[in-house]
Amino acid sequence: MIKQSIVDRIYQDNLDLLKFLEDKNEPSFMVQFNTVFTKTLLLSAASYFEHEICRMVQTFIEYKTKNDECIVSIVKQKAIERQYHTYFDWEGRNANKFFSLFGKTFKENRLKDVKEDTNLDSAIKSFLELGNERNKLVHQNFADCTIEKTAEEVYKLYQQATLFIDFLDRQFNSL
């Protein structure tokens, strides 16, 4: 059985609410709810990925430094907390900026992995698209910002992007 994240549960619960509104013949409420649902799903997916990547980076640093409190503390304060959005070129089409944070060898090996796996390349593009859309949503007027995607499209991007998160987890655990 595939492990479900909180994002999967949010998606399913909100689909159930939409179905309820449809069954009650409430098209106006459905349209309004769907707008909020899409924004919430987008923010939830992007936030989930941020949490997971920061957790991976911190765990990796703890392992590499044998949990040295001084090193872990400075890295957490200066390289992890509030730094996530500097890890990636959100408008880009690759994760090279992130890969390079871990040195030349790590970057070269990950680029080789991406070149050999078109699904991974697609996952990275989906991940970056979600992050870029999240940035638009939170840095523009959230209430007035229009998402050009449906909740289903956002969820498909999320599902595809999870392949990248799983890939990173495997890479950090193997170093």
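Colleague: Which helix holds asparagine 119?

Modeller: Asparagine 119 lies in helix 6. Helices here are DSSP runs of H or I, at least four residues, and strands are runs of E, at least two, numbered from the N terminus. This is a predicted model, in which local features need pLDDT of at least 70 and side-chain atom pairs count only at pLDDT 80 or more, while totals for chains, interfaces and linings use all residues. Residues are numbered from 1 along each chain as its sequence is written, and side-chain values use heavy atoms, with hydrogens and water left out.

Colleague: What does asparagine 119 touch?

Modeller: Contact means heavy atoms within 4.5 Å. Not counting residues up to four places away in sequence, asparagine 119 touches Gln160 and Leu163. Phenylalanine 60 lies 59 residues from asparagine 119 in sequence and 25 Å from it in space, C-alpha to C-alpha.

Colleague: Which residues of helix 3 are buried?

Modeller: Buried means under 20% relative accessible area, exposed over 50%, and partly exposed in between, with a 1.4 Å probe and protein chains only. In helix 3, Val72, Val75 and Ile80 are buried. They share one side of helix 3, because they cover an arc of only 70 degrees around the axis. That arc is taken from the directions from the helix axis to the C-beta atoms. An α-helix has 3.6 residues a turn, so residues three or four places apart point the same way. Glu69, Cys70, Ile74 and Lys78 are exposed on the other side of helix 3. Helix 2 is included in what covers the buried residues.

Colleague: How many residues are in the largest nonpolar core?

Modeller: A nonpolar core is a set of buried Ala, Val, Leu, Ile, Met, Phe, Trp, Tyr and Cys residues joined through side-chain atoms within 4.5 Å. The largest has 46 residues, and Ile53, Phe88, Phe99, Phe127 and Phe164 have the most contacts inside it. Helix 1 (6–23), helix 2, helix 3 (69–80), helix 4 (96–100), helix 5 (104–116), helix 6 and helix 7 each give two or more residues to this core. Take phenylalanine 88: leaving aside neighbours within four places in sequence, its contacts include Ile53, Phe127 and Phe164.

Colleague: What lines the largest cavity?

Modeller: Work on a 1 Å grid over the protein atoms alone: a cavity is a set of points where a 1.4 Å probe fits but cannot get out, a pocket is an open set with protein on both sides within 12 Å along at least five of seven lines, and lining residues have an atom within 4 Å of a point. The largest cavity is lined by Ala46, Phe49, Tyr84, His85, Trp90, Phe127, Leu130, Gly131 and Arg134. Helix 6 gives the largest share of that lining, four residues.

Colleague: Which residues lie nearest the centre of the largest pocket?

Modeller: Lys3, Tyr48, Tyr158, Thr162 and Asp166 do, out of 17 lining residues. Helix 7 supplies the largest share of the lining, seven residues.

Colleague: Where is lysine 66, and what is its phi?

Modeller: Most residues other than glycine have a negative phi. Lysine 66 has a positive phi, near 55 degrees. Lysine 66 is found in the loop between helix 2 and helix 3. It is exposed, with a relative accessible area of 73%. Arginine 82 also has a positive phi, near 60 degrees, and lies in the loop between helix 3 and helix 4. Arginine 82 is exposed, at a relative accessible area of 82%.
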